[in-house]
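Here's a quick tour of a two-chain model, written for someone who likes to check things against the coordinates. Have the viewer open and follow along.

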Amino acid sequence: MNAILAIAHKDLKLLLRDKTGFFFTFFFPIIIAVFFGSIFSDNGGKPVGLHVMIVDDDQSAASEAFIAQLEASDELSVQRSLKEEAVEQVRLGKEVAYIEIKKGFGDAQERMFWGDPPEIEIGIDPARRGTSGMLQGILMKYGVNAFQKRFSDPSLMRRSIQDSLESIQSGSTMDDSRRKHLTGFLTELNAYLDQPTPIVDGPVSGNSGFGGMNPLVVTARDVALEKRGPQSGYSISFPQGIMWGIIGCAASFGVSLVIERTRGTLMRLQTAPIDQLHILGGKALACFVTTCVLAAGTLGIAILFFGIRPNSFPLLSISIVSISFEFVGIMMLLSVLGRTERSAAGIGWAVLMMMSMIGGGMLPLFIMPEWMQTASNISPVKWAMIAMEGSIWRQFSLNELLVPWMILWGIGSVGFLSGVWMFRRSRSE
Amino acid sequence: MEILSMIALMNVTKSFGKTLAVDDLSLRIEPGEIFGLLGPNGAGKSTSINMTVGLLNPDKGRIAIGDGGSPHDPAIRKQLGIAPQALALYDELTAMENLRFFGKIQKMPSGMLKDRVPELLCKIGLWDRRNDRIKTYSGGMKRRLNLAVALIHRPRIVLLDEPTAGVDPQSRHALFESIGELRRDGVTVLLTTHYMEEAEKLSSRVGIMDKGRLLALGRVSDLIASHGGKSRLYAQRADREFFLETDDPMAELVGLQAGGTLLQFKVESPDLEHVFLNLTGRNLRD
């Protein structure tokens, strides 16, 4: 055991002293993850250009005018949709929110002084509180604009007053005293509008006398995100970055055994009073520790600075250990395939690159065509990605993770044993 | 009473595909002996050494180390120290770290390592540079450290493969001193080299290999006598010059002197290089 620890300690020391190797092992995966995560993520909840679905239940001129305002706005990018589709898109996390203009929106805007105000519903994930608040503010702004426009247009105002007076006269639920006051007020207002001085455009002050009237009621409806979708682009890019780091580690440690052979240090180790399993065990331990530290460190950064919230830390820990074991086995096999540093590096990168390409290390698995997703079953990278994503955002249960874990341990064991067998065989030739 | 050999190769044969690398090699090296194994490139020296330390298994024959043990036995391997021709060191580690690491691999107790590492570093003149990474060392310094690593665990048998290749005269002298100390300490040394004067100076016996076979084996003086050929005598008298190959240059000189006064003369006795070239030929090897 001491020999294994000594070899592992030496290999880790060599890795830490190789500045280029250290950078590419520990920092490059983070750079990749942040770069691609920032490309594929939403824009961090900023209201500028917020993409939302819009549902028009009212189908009135007023609702159409309101939607036109939103379409023309800088703050929002809207897409018309039916309610069911909008809810589904938000639930799946493909859209930030939907806005539903409720039936009666136009009528409510016409009445102005009587009855319920125009109503809008927004559907958004409750976790996006900030975005929800900003969206309500934006909608209120355009609601007030419509209200203000009506006050600044005497003909529209007169029509509203007329409609309100008729509605008050015919309404049976209002008590007489209130009906009398409102009728008097609206008659006076109508007379005021007949005077030559127009109402000028400008902000509506809270002291204008209209502060008690509500131009718009915005209600928020919680639409919980479908839990099996990624939280953000970082949920995808960080596992991929970690995968690249682990692949780099496996390739580096694989080559390191060949370097030992070509430089003669392996001869010293092989003639020492230790078993060959100690030599390979030391390399394997160093590779295992490095991949675990790499994965844990990168995930730590993802959690601390990029809002990644793994579904389960214990399951994620087991996934990382399983992935590390798998790649230690692959490293062991790769290390005995090449006889020279160049051939070992070439074989290592070619094999690992191919595994990564078809296994979701470059393109996320879920955007691959179905046939490719099926073909990717042969790639060890796929099972590593599934195990990692399963415990980060796919919300796999323990039972669901057992299959990828077993495959990872299986591949690792086969790789390790094959590597040991070939290593022993090469010595006895 | 028969003296046990420290290294014994008995009728050892090894092939790589159709290439016969070592052909029925038998060799015994006695305790405390410094044995020089010579041969041109491709003669089978490295294969013989690799079999001796257990890195390769012979196709036929047997190898016994120490008290008749197998080189695959960890207890036997603990008695072996090897300094490969390639500088088998970790460039990114310091001399101290290299020695400590290989000491641990040799299962040396920490307490023993604590004393042994400084002792060796002083002996090879690297104490002042002990904390520098060895990638900053000269070739001679690395070669000295390469030998020190082989000696870290005080082995009874040391295999030195071209121990002075590519070093300056000072480092070569230091290495000779170290090997001389091994002789005084009773360590058995198997040495391969291309430098004939090195083999002549250090080895008590030499073996000359070519094409996998051991062509000659014995004390250097015996080999010179049997395979070195005649001495070469160059002499100059006032009237003429002489160039002779003779078994008895002194007798020839006396005869020449009798015929007239010699202005100058030079006798070139056969050495190990002559033995080597006479046995292995003068054709260039790949």
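Which residue is the bridge partner of Gly81(B) in β6(B)? That would be Val158(B). Keep in mind that this is a predicted model.

## Strand β6 of chain B

Let's stay with β6(B) for a bit. Strand β5 (residues 80-83) of chain B runs parallel to β6(B), and the two are joined over four bridges. Besides the Gly81(B) and Val158(B) pair, Leu80(B) has Ile157(B) as its bridge partner. β6(B) also pairs with strand β7 (residues 188-192) of chain B, again in the parallel sense, this time over five bridges. There, Leu160(B) sits opposite Leu191(B) of β7(B). To get from β6(B) to β7(B), the chain goes through helix α6 (residues 169-184) of chain B, making a right-handed β-α-β crossover.

Is β6(B) enclosed or open to the outside? Strand β6 covers residues 157-161 of chain B, and five of the five are buried, so the strand is largely enclosed by the rest of the structure. Ile157(B), Leu159(B) and Asp161(B) point one way, while Val158(B) and Leu160(B) point the other way. Both sets are buried, Asp161(B) included.

## The sheet around it

Zooming out, β6(B) belongs to an open sheet of six strands in chain B, ordered β5-β6-β7-β3-β8-β9. The pairing in this sheet is mixed.

At the edges you'll find β5 and β9 (213-219) of chain B, each of which pairs on one side only. Neighbouring strands in the sheet are turned against each other by 15° on average, if you ignore direction.

As for the whole of chain B, there are ten helices and twelve strands. Of its 286 residues, 42% are buried. Take the contacts with a separation of 6 or more, and 69% of them in chain B link residues 24 or more positions apart.

## Over to chain A

Chain A has 16 helices and five strands. Its 429 residues are 40% buried. For contacts with a separation of 6 or more, residues 24 or more positions apart account for 80% in chain A.

One helix worth a look is α12 (residues 313-337) of chain A. In α12(A), 19 of the 25 residues are buried, which means the helix is largely enclosed by the rest of the structure.

## A closer look at Ala97(A)

Ala97(A) lies in strand β3 (residues 97-101) of chain A. Why does Ala97(A) count as buried? Because it has 24 C-beta neighbours inside 10 Å, and the cut-off is 20 or more.

Leaving out residues up to four places away in sequence, Ala97(A) touches several others, including Val52(A), Val90(A), Ile122(A), Ile124(A) and Leu135(A). Gly123(A) and Thr131(A) are also among the residues it touches. Val87(A) is ten residues from Ala97(A) in sequence, with 8.2 Å between their C-alpha atoms.

## Where the chains meet

At the interface, 21 residues of chain A are in contact with 23 residues of chain B. On the chain A side, α1 (2-17), α10 (265-270) and α16 (398-428) each supply at least two residues. α1(A) gives the largest share of that side, seven residues. By type, the chain A side divides into eight nonpolar, six polar and seven charged residues.

Definitions and conventions: Residues are numbered from 1 along each chain as its sequence is written. Chains are lettered from A and ligands numbered from 1 in the order in which they are written. This is a predicted model: local features need pLDDT of at least 70, side-chain atom pairs count only at pLDDT 80 or more; totals for chains, interfaces and linings use all residues. A residue is buried if 20 or more other C-beta atoms lie within 10 Å of its own, exposed if 12 or fewer, and partly exposed in between; C-beta atoms are placed from the backbone. Two residues are in contact if their C-beta atoms, placed from the backbone, lie within 7 Å. Two strands pair if DSSP finds at least two bridges between them. A crossover is right-handed if, with the strands pointing away from the viewer, the path from the first strand over the helix to the second runs clockwise. Ala, Val, Leu, Ile, Met, Phe, Trp, Tyr, Cys and Pro count as nonpolar, Asp, Glu, Lys and Arg as charged, and the others, Gly among them, as polar. Axes are lines fitted to C-alpha atoms, for helices over the stretch in contact, and angles run from 0 to 180 degrees between N-to-C directions.
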